[in-house]
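The following note sets out several points for the attention of a colleague examining this model. Each point may be checked against the coordinates.

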Amino acid sequence: MASSVIHLAITEGIAKKWEIKDIYRLRLGAVLPDGAIHGNGHLKIRICDETRSTYDLEGFRERFGEKMKEDDLYLGYYLHLVQDIFYRYYVYSEHNWDPLAPGNVERLYQDYRITNEFVIEKYGLNPDLIRQLDLADEPLLTVAEYDVKELVERIRGHFVPVEDTGIFFFTREMAGEFVERATVFCLEELQRLSEGKPGLGNLEWSWERHS
């Protein structure tokens, strides 16, 4: 999954090109899956007799497609899943990421912490972009339980620079490239949906499960 700062950078790019009703609900939705404390916040499912995995974009559209049209919280949430699917393709298929080697995941997260400063400066982000909103009685709570307060505090903490201990895998150049490409990817999906065309398919963007 991409970092929360990267999700915010992509969201700001989308908001410059697409009509948004409530930017704060869009931003919160765009990071909310990472705030799930119980439940399947990323709607990860197994398909094809459990031989493949994916994020259930089709299921989200079936459940919340109408809400996505009227409430940017739900639109942001959906776009988070779209970005994570594209991110998986970017790092696994294009850059041959190996998450199974001991220590690799921890090193990747350290890369996120280091590259956050670059993304923040390049895209003009600040901690006030994200706000804690009341999600009481939201249909999204049928997906998972979220700790919005902790999520917002955690994301604001990403704006504090960390020591550059050296990049392991995810470089600043990769971060910038991904933000630009993922923004276009999301805008293309929004255009398809606005025209009544099928959105991204679960099978098309699934990956093989490894035992």
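1. Tyr89 counts as partly exposed because its relative accessibility is 35%, where partly exposed lies between buried (under 20% relative accessible area) and exposed (over 50%), with a 1.4 Å probe and protein chains only. The model is predicted: local features need pLDDT of at least 70, side-chain atom pairs count only at pLDDT 80 or more, and totals for chains, interfaces and linings use all residues. Residues are numbered from 1 along each chain as its sequence is written, and side-chain values use heavy atoms, with hydrogens and water left out.

2. The structure holds 19 aromatic pairs; rings of Phe, Tyr and Trp (its six-membered ring) pair if their centres lie within 6.5 Å, and planes under 30 degrees apart count as stacked, over 60 as edge-to-face and the rest as tilted. One of these, Phe60 with Tyr77, is stacked, at 5.5 Å centre to centre and 5° between the planes. It links helix α3 (residues 57-70) to helix α4 across 17 residues, helices being DSSP runs of H or I with at least four residues and strands runs of E with at least two, numbered from the N terminus. Both Phe60 and Tyr77 are buried.

3. Tyr89 and Trp205 form an edge-to-face pair, at 5.9 Å centre to centre with 80° between the planes. Tyr89 is in helix α4 and Trp205 in the loop between α7 (172-194) and β5, 116 residues apart. Trp205 counts as buried because its relative accessibility is 17%. Tyr89 and Trp205 also belong to a cluster linked by ring pairs, whose members include Phe86, Tyr112 and Phe185.

4. An open sheet of three strands runs in the order β2-β3-β5 with antiparallel pairing; two strands pair if DSSP finds at least two bridges between them. The edge strands, β2 (44-47) and β5 (207-208), each pair on one side only. Four bridges join β2 to β3 (residues 52-55), and Arg46 stands opposite Ser53 in β3.

5. Two residues other than glycine have positive phi: Glu50, near 65°, and Asn96, near 55°. Glu50 lies in the loop between β2 and β3 and is partly exposed, at 48% relative accessibility. Asn96 is in the loop between α4 and α5 and is exposed, with a relative accessible area of 63%.

6. Arg88 lies over the face of Tyr92, at 3.9 Å from the ring centre; the criterion is NZ of Lys or CZ of Arg within 6 Å of the ring centre and within 35 degrees of the ring normal. Arg27 lies over the face of Tyr24, at 5.0 Å.
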